[in-house]
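This report describes a protein model for a reader who is new to structural analysis. Please keep the sequence and the structure in view while reading.

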Amino acid sequence: MNKLFILFLFYAIFSFSQTDIEKLKRDASNLCLKNKRKLFCKSFSFYKEKEYDSCYLYSERALTKVDKFSNEYNLLNYILGFSASKKGLFKKAIHNFNELPDSSYFKSLKLLKLGSIYLLLKDYDKSIEFYNIWEKDKGNSKLSFEKNAYHNFALSYLHKKKYSKAKEYFNKELSLLKQKKDTASTIRTKMELANVYYSQYLDNEAIPLFKEAYNLAKIFPDLKLKQNSAKNMAAVERNRKNYKESVGYYREFIKWKDSISKNDNILELAERDKKMAIAQKQREIAVQDEKLKRQKVVQKGLLFGASGLLVFLGLLGFFYKKLKNQNALITQQKEALNSANKTKNYLFSVVSHDLRSPMNTIKYQHEQLKKHIASNNLVGIKEANNTAITVTESTSHLLNNVLHWSLEQSNQMVFSKKEQPLKPIVEHVLVDYENLIEANDIEITTNYIQNSLVTIDRESIKIVLRNLLDNAIKYRNGKDKITVEVGVYTSNNAFISVQDTGIGISEERLQKINALQSVSIDKINRSEGVGLGLILCQMLVKKNDGSLVFESEEGKGTKVSILLPVFN
């Protein structure tokens, strides 16, 4: 018998009893509410949310901190074993499941998990051993619970080539599926049971099952099942030398495969199908009467012509698709290049224009300083020096903004969010401003209403805070007063606010600033109060999952608050 091209549906189902799992989840929830252990509750939360990497890490840490004879220890072993199996760490999972007691609902869960893991490890004897123990004490299990266990049972026996036992458990599964009315599982199981018969060359038993699975799949919406059942029937009919029927099934198989994947292999499969049809036609021609030779030659020529046309059209479509994809990529790269060029032009504009005025001012102050030194004018020396300090600091921060923006746009800025207290960040930034504050005779006060732990990148928030202080100093109104506060805004947000008594912002500009959502060079319009510094601040605060809130009244000052997420 020719080799049968059949997709074996080999998979180990991590079966479980819904009742047992519900008990486990209920016990874990009650334990979390009662004791409020942070590590345990986080482990259980990640388990429910199916975040198995985090679940594995937290449950392993929590397991070292609980009593070995407590129910919490058992629950953590189950959660850790489950997440380890999901990550493919089967030896670790086996160790944790073996730690579970042979009592209560843990025994059933333990046996089923170990049976399914050993099936995946291809240790079929071990898998059968655990499923045998489970079957003896299974009691009144739910249908889905028994169905999955019988399926794994049958797979283990099938791979050991114990066909009678595999058939027994596949039949048990089919009996349960009739009660559950699970059409998809019924189709898969019938195909697998047919494979059991076919592997023993029992065609009379196998072929009716293949046909049943095929007929069920035709009226069922699962395209993968349609594809596999059609492929099975094509292989069966070909081995029976029913080539016409085989070609028909292969056409169905190709149609479903195209519907599922739409990949380029469709041309190769179509060509194979055509060659089979040509071979069949040639065999028919060979037994025809000599009088039909001319007609056969014509038919053969037409058939080859159609095949060539099909191949040509397929190749044409392939190259068209490839060309279309290349054009799309070129368009995308062009847009990215235009954006990068716009950014470059803006930064050149900043360097060439915005630096010209402060550099002239510094040059002028140096000349004034030289005159005041010559005339021993101490007051003039102090004023010229203070002005030079202010302009130098402002220019330095402008260059820092250009540098940080360039780093971010080229994905070179280091960004790492961690748990941070706000107060030390504020104090560290204010130390850098002592000389500038003294030079401008500015009164600055701090008010730490409530220090909070937030999840942020420390350095990027310092950049934002420096920009806000620069603006407060830059737009002062005579002898200014700046207040920096740290506190709690809501249950989920803490804040740092910078409030000045400067010139303030007009209502029209304030609305445009507060309406700024996305960050890009296109948004920069310094005539409307939106410059590189503000764009940079909006971008960095947004990357920290925070927001900026502006409050201002023209002539009375401005208050800017940085809202940041509190660490939970």
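## Overview of the chain

Of the 568 residues in the protein chain, 42% are buried. The model is a predicted one. Its secondary structure consists of 22 helices and seven strands. Among contacts in the chain between residues at least 6 apart in sequence, 64% link residues at least 24 apart.

## Nonpolar cores

In soluble globular proteins, nonpolar side chains tend to be buried together. The largest nonpolar core of this model contains 76 residues, and the ones with the most contacts inside it are Tyr 47, Leu 75 and Tyr 78. When neighbours within four places in sequence are left aside, Tyr 78 is in contact with Ile 21, Leu 24, Tyr 47, Phe 97, Leu 100, Leu 109 and Lys 113. Another core lies apart from the largest one; this other core has 39 residues, including Leu 465, Leu 469, Val 486 and Leu 540.

Is Leu 24 buried or exposed? Its relative accessibility is 0%, so Leu 24 counts as buried, the limit being under 20%. Apart from neighbours within four places in sequence, Leu 24 touches Leu 75, Tyr 78, Tyr 105, Phe 106 and Leu 109. Leu 24 and Asn 74 are 50 residues apart along the chain, and their C-alpha atoms are separated by 10.0 Å.

## Two pairs of packed helices

Two packed helices are described by the angle between their axes and the distance between the axes.

In the pair formed by helix H4 (residues 71-86) and helix H5 (residues 90-98), the axes come within 8 Å and cross at roughly 160 degrees. H4 is therefore roughly antiparallel to H5, a description that applies to angles over 145 degrees. The crossing of H4 and H5 is left-handed. On the H4 side, the contact is made by Asn 77, Tyr 78, Leu 80, Gly 81, Phe 82, Ala 84 and Ser 85, and on the H5 side by Phe 90, Lys 92, Ala 93, Asn 96 and Phe 97. Seven of the residues in this contact of H4 with H5 are nonpolar, four are polar and one is charged.

Helix H10 (residues 183-199) and helix H11 (residues 203-218) pack with their axes 8 Å apart, at an angle of about 160 degrees. This angle makes H10 roughly antiparallel to H11. The crossing of H10 and H11 is also left-handed. Among the residues that meet are Ile 187, Met 191 and Tyr 198 in H10, and Ile 207, Phe 210 and Leu 216 in H11. By class, the contact of H10 with H11 comprises 13 nonpolar, two polar and four charged residues.

## Two lysines with positive phi

Most residues other than glycine have a negative phi, and most peptide bonds are trans. In Lys 122, however, phi is near 65 degrees, a positive value in a residue other than glycine. Lys 161 likewise has a positive phi, of about 60 degrees, although it is not a glycine. The table gives the setting of each residue.

| Residue | Loop between | Relative accessible area |
|---|---|---|
| Lys 122 | helix H6 (106-120) and helix H7 (124-136) | 57% |
| Lys 161 | helix H8 (143-159) and helix H9 (163-180) | 61% |

Lys 122 is exposed, and Lys 161 also counts as exposed.

Terms used
Residues numbered from 1 in each chain as written. Predicted model: local features only at pLDDT ≥ 70, side-chain atom pairs only at ≥ 80, totals over all residues. Heavy atoms only, no water. Axes fitted to C-alpha atoms, helices over the stretch in contact; angles between N-to-C directions. Helix = DSSP H or I, 4+ residues; strand = E, 2+ residues; numbered from the N terminus. Parallel < 35°, antiparallel > 145°, perpendicular 65-115°, else oblique. Left-handed = near helix turned anticlockwise from the far one by under 90°. Contact = heavy atoms within 4.5 Å. Nonpolar A, V, L, I, M, F, W, Y, C, P; charged D, E, K, R; others polar. Core = buried A, V, L, I, M, F, W, Y, C linked by side-chain atoms within 4.5 Å. Buried < 20%, exposed > 50% of the residue type's maximum accessible area, 1.4 Å probe, protein only.
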